[in-house]
Amino acid sequence: MARISGTIVPSLTYQSTPEAPALEVGPSSRIVVQLLDVSLMDAPSVTLGEDVILTGDHESSKFPIPFSLTYNADNIQSFQSLALAVRVYDVSRPSDGDDRELTWISTSRHSVITNGNPTNHVAVEIEPVPKNDDTPITPKNTLTGHITASTSVPASSSHGIGPNAKILIQLLDTSLADAPSVTIAEQRIILGVDEISPFPIPFGIPYDPKDIDDRNVYSVSVRAEELNSEKLLWISTWANHVLTRDAPSENVEIEVDLIQ
């Protein structure tokens with residue numbers, strides 16, 4: 001059996017709302033993380049693995065919420081499209097499973113394992129389900145790519161990033177040269193004391209297409225810091241344009257330089 005792990009985090013869109021409550025999943029919740037085969041667009045997804053996390057009757061679970069699920073690697077083919085999905089249910093009242101109230105859900109596609117996508121340190125964004133059933137959940141797109149070491153990095157240091165580091169990949173609106181860039185969306189990768197993420201490092205940034213204006217200029221920025229001290233370790237030094245003006249929206253290569 002193989003294993004995939006990561007964290008559940010609130011979406012950047014939700015965090016930026018002034019009325020956002022405490023960033024946690026409340027008591028009496030059932031958090032279901034599923035590994036899905038989503039290869040066939042005209043057929044239901046197939047569940048390949050699942051992790052269930054329960055919060056107590058009087059205990060909340062603060063973000064980021066770690067998860068780890070196992071799956072049979074023999075059932076995976078390289079041509080398949082796999083994704084992680086998260087649903088959170090309120091189980092405070094007895095019910096028949098499917099009738100339980102859905103409180104949080106992942107609204108964007110978090111591709112994993114195949115086609116160069118990550119197998120660990122996956123951050124799955126979730127958003128609260130609107131109380132009003134007539135309010136639609138905002139669909140998301142995902143900007144994909146990978147991080148590589150620049151050619152100026154010594155071979156002895158170009159194996160990867162980590163351990164004990166955090167990588168921040170941001171989608172920025174850089175339209176105004178005389179004003180600070182605006183963060184549209186971001187992805188975080190956390191590496192523990194014994195973890196190294198080798199180059200190339202795949203990433204996928206979910207974003208709301210409504211936030212993108214075809215007239216504007218967008219870029220991807222990458223920085224890696226020590227996990228505890230926030231000392232800068234790696235940084236992208238070039239403008240990596242994406243999404244608009246014929247710039248790519250997938251398979252974007254971002255070079256990073258080592259901070260000496």
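A: Let's begin with the term itself: a nonpolar core is a set of buried Ala, Val, Leu, Ile, Met, Phe, Trp, Tyr and Cys residues joined through side-chain atoms within 4.5 Å. "Buried" means under 20% relative accessible area, "exposed" means over 50%, and "partly exposed" is in between, using a 1.4 Å probe and protein chains only. What you're looking at is a predicted model, in which local features need pLDDT of at least 70 and side-chain atom pairs count only at pLDDT 80 or more, while totals for chains, interfaces and linings use all residues. Residues are numbered from 1 along each chain as its sequence is written, and side-chain values use heavy atoms, with hydrogens and water left out.

On to your core. The largest one has 30 residues, and those with the most contacts inside it are Leu143, Ile147, Ile161, Ile167, Ile169, Leu171 and Trp234. Two or more residues each come from β11 (141-149), β13 (165-173), β14 (182-191), β16 (201-207), β17 (218-226), β18 (232-235) and β20 (252-258). As background, nonpolar side chains tend to be buried together in soluble globular proteins.

Leaving out residues up to four places away in sequence, Ile147 touches Ile167, Ile169, Phe199, Pro200, Ile201, Phe203, Val222, Ile254 and Val256. A contact here is heavy atoms within 4.5 Å. Several of those names come back at Ser236, which sits in the loop between β18 and β19 (240-242). Setting aside its neighbours within four places, Ser236 is in contact with Val220, Ser221, Val222, Ile254, Glu255 and Val256. Ser236 has a relative accessible area of 12%, so this serine counts as buried.

Next, the rings. Aromatic pairs are rings of Phe, Tyr and Trp (its six-membered ring) with centres within 6.5 Å; planes under 30 degrees apart count as stacked, over 60 as edge-to-face and the rest as tilted. By that rule there are two pairs. One joins Phe63 and Trp104: their ring centres are 5.3 Å apart and their planes at 70°, so the pair is edge-to-face.

Phe199 counts as buried because its relative accessibility is 17%, and Trp234 does so because its value is 5%.

A salt bridge is a side-chain nitrogen of Lys or Arg within 4 Å of a carboxyl oxygen of Asp or Glu, and the whole structure has five. Lys166 and Glu225 form one of them, at 3.8 Å from N to O. The two are 59 residues apart, Lys166 in β13 and Glu225 in β17. With 25% relative accessibility, Lys166 is partly exposed, whereas Glu225, at 14%, is buried. Glu225 also meets Arg223 in a salt bridge, at 3.1 Å, and Arg223 is partly exposed at 28%. Glu186 and Arg188 form another salt bridge, at 2.5 Å; Glu186 is buried at 9%, while Arg188 is partly exposed at 45%.

One last stop, for a look at another stretch of the chain: Val32 is in β3 (29-37), and at 8% relative accessibility this valine counts as buried. Val32 and Val88 are 56 residues apart along the chain, with 6.2 Å between their C-alpha atoms. Not counting residues up to four places away, Val32 touches Glu50, Asp51, Val52, Ala85, Val86, Arg87 and Tyr89.

Notes: Helices (H or I, at least four residues) and strands (E, at least two) are DSSP runs, numbered from the N terminus.
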